[in-house]
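The sequence and the three-dimensional view are displayed first.

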Amino acid sequence: MSRILLVEDSKNIIRVLKICLQGAGYEVEVVSNGIDAVDMAFQWKPDLILLDIKLPKMNGFLVCETLKEDELIKEIPIIMLSAKAEEEDIKRAYELGAQDYIIKPVEPKKLLNKIESYLKGGERNE
Amino acid sequence: MKKNFSLKTKILFGYMAIIMIIIVLVIWSINNFMRLNKAIDAIMEENYRSVIAAEEMREAVERQDSAQLIFIFGQEKKALDIFQANKLEFTKNLARAEDNITIEGEENIITTINKEYQEYLSMFLDLRVILEEDNEEMVQNYYLNEIIPQFEDVKSGIRDLLIINQDHMKSAQQNANNNAMQAIYSTIVISIVVVLLALVFGFYISNIIIRPIKELTEKAKDIAEGDLEQTIDISKNDEIGQLASEFNSMSRSLKDYEDMNVNKLISEKSKSDAIVRSISNPLVVTDKKNRIILINPRAEELFELEEDKVIKTHFLEVIKEEDIFSLIDRTLKTGEGQSSSDNNLLSFNRDGKDFYFRVTTNPVLDDNNNTNLVIVLFEDVTHLKEVDQMKSEFVSTVSHEFRTPLTSMNMSASMLLEGNLGKVNEEQVELLEVIKEDCERLNNLVDDLLDLSKIESGKIDLQFNEVDIDRLFDASLRPFKEQANDKGIELMIKGKVDGLKAYGDLNKITWVISNLIGNALRYTDEGDSIKLSAERKGHKIHLSVEDTGAGIPKSYQNKIFDKFMRVGSDKDKDTGSGLGLAISKEIIEAHGGRIWVDSKEGEGSTFTFTLKRPK
């Protein structure tokens, strides 16, 4: 069972996404700030990280940058999931090593398709 | 007492004096000539006649002597005639000499001559007596011993007369010579004196005239050089004095006039100075050579300068801002005002706070429309910039805050609709779809609000490039192809667009066309068509999106480019924000183009906009 780390600070989105992801058969761990996200990524070593940008304590960009600096952790695909639709933000995310950038709101089907494709790709890479 | 003579009188006076001197000289000369003449006359009158008389007398007495000899030799009658005739001649001449006694001693000589001559005559009588006695020897003796000596005595008297007169003639000549020499010398002396006097008068008169004129000239020069404090101190009442007084009144008037103008200028200058100083924005004025000629207190503060130290210094030496200088330079060259763009504001960091200034340059034109000065105004836009920042932060925050709940709502509705979480009935599906559609609508509204706020705040950055219409249409159509197919609407490019080019921002124009296609799709049904076309018209290119949809009622046609204006409230499936056309209009106008609609209700609409062609 693939494990997904959900980094999100909105309570209702967490609730919806948890149902969505767990319903699709993933093991989900949730953290709601940047520092916890980094800690959890190192401790738990998920198969994929869904990362919001606007986060307390440490923003998503910084989390992404930190995780991508580590030789092992950087292999974990990161999908940025943000309400920010600015081109510069998308560009920055890719520059920092994020695998994808999804603008909220997103259709559950589409999100699950993407997650699945990254997890498959990841397995192929291993 | 003041002299009241005019210059003319003075000159005449001087001339009169010189004429008087010349008259004196002439009289003196005439006097000398007359003296000379008199001396010559004296010679003629006093001596010459006496000399002639003496010569005549000597001749007469010598003929009488001959007559006596003729008498002795017997020719008595002839001898007596000659004797008597010459006696008469002698007496006549003696009388002449007597009448002309002029020299001292002359009278004695004549008396002696007369006495000797009477003796000589009486001796002739004695001779005649002796001859009658016929004593030839006695006659001869008497003649030789008595008459000859007496004859010599007469002659000697005559010689004395001659000598005395000749001597006197010589002395008279000497006298005349002396007089002539004296006349020459005195004339020379007097002439020299007259010439000197004339010179002195000349100098004096010309000085009288020239000196004040010189003074006038000097003062006039000073006035010409701008020193209007000149007055001429000439108390004379002549023409020069009048000229001087007129000159003084002229220079006074000039000074009054100048004072008036200077006062006016000073008041104007202090007025403009006060205005410049009171301007709360920093301001710098530069001249043709880009030197600073004015800087107001706010600008001194801003650039941390002191006006006195930077005046007449080149702008770049003082304010090292190439961007501002290029604006000044362009204004100087083109004579047109310039302004720094919003992306190129002048920024300062003072006390940890950022300040932003928009720089505007304006030319000051002279009479010939040449740029004389450039006014550089620094407009403090820090506040605007802050507001702008606040606005975009606000919009960004709001949109984020909106999107988060929208996301959870949308996802929830989607997941329920998918039916993975349990079966939903028909009514439940309908309700969930309502939720989903309105979520989408709200989301679009947030997107458009963000776009519009960016455009309106001037934040939109147009990247001008050559745009291939071919490529533009392709990029705009592609995302709609599936949707159009699904709805059974024909979506195509009408006519040939190969080679047509526009000048603009590809992404923004794509956005506009996409928006127009999206609108058209919303108002068209199965069997309708949407056609894109492009046409070159002069320097512009016209791009159109034509549909065969519902069309727009006339009453709406003017308003559809306004914000939140939507046509057809019956279109309940519509998820548009009502901002698309407003944004399109902003974008096209930012390109310098125009957008409009031609539409007939029930027949369809054609949206057309213009763009520039590449140069």
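**Chain B overall**

The structure is a predicted model. Chain B contains 16 helices and 13 strands. Of its 615 residues, 24% count as buried. Among the contacts in chain B with a separation of 6 or more, 65% are made by residues 24 or more positions apart.

**A helix pair in chain B**

Two packed helices are described by the angle between their axes and the distance between the axes. In chain B, helix α1 (residues 7–72) and helix α4 (residues 136–224) have axes that come within 9 Å and cross at roughly 170°. Angles over 145 degrees count as roughly antiparallel, and α1(B) and α4(B) are therefore roughly antiparallel to each other. The contact of α1(B) with α4(B) is made up of 39 nonpolar, 15 polar and six charged residues.

**A strand pair in chain B**

Strand β7 (residues 465–468) of chain B runs antiparallel to β9(B), and four bridges join the two. One of the residues involved is Val467(B), whose bridge partner in β9(B) is Ala502(B). Ala502(B) also belongs, with Gly504(B), to the covered face of strand β9 (residues 501–504) of chain B. The uncovered face of β9(B) carries Lys501(B) and Tyr503(B).

**The contact between chains A and B**

In this model, 16 residues of chain A are in contact with 19 residues of chain B. On the side of chain A that touches chain B, α1 (11–23) and α5 (108–125) of chain A each supply at least two residues. The largest share of that side, six residues, comes from α1(A). The classes of residue on that side of chain A and in the helix contact described above are listed here.

**Ser408(B)**

Which residues of chain A does Ser408(B) touch? Not counting residues up to four places away in sequence, Ser408(B) touches Ser10(A), Asn12(A), Ile13(A) and Val16(A). Ser408(B) itself is found in helix α10 (residues 382–418) of chain B. A residue is buried if 20 or more other C-beta atoms lie within 10 Å of its own; Ser408(B) has 21 C-beta neighbours inside 10 Å and therefore counts as buried. Between Ser408(B) and Cys439(B) the separation is 31 residues in sequence and 9.9 Å in space, C-alpha to C-alpha.

Methods
Residues numbered from 1 in each chain as written. Chains lettered and ligands numbered in written order. Predicted model: local features only at pLDDT ≥ 70, side-chain atom pairs only at ≥ 80, totals over all residues. Contact = placed C-beta atoms within 7 Å. Axes fitted to C-alpha atoms, helices over the stretch in contact; angles between N-to-C directions. Parallel < 35°, antiparallel > 145°, perpendicular 65-115°, else oblique. Nonpolar A, V, L, I, M, F, W, Y, C, P; charged D, E, K, R; others polar. Buried ≥ 20, exposed ≤ 12 C-beta atoms within 10 Å, placed from the backbone. Pairing = 2+ DSSP bridges.
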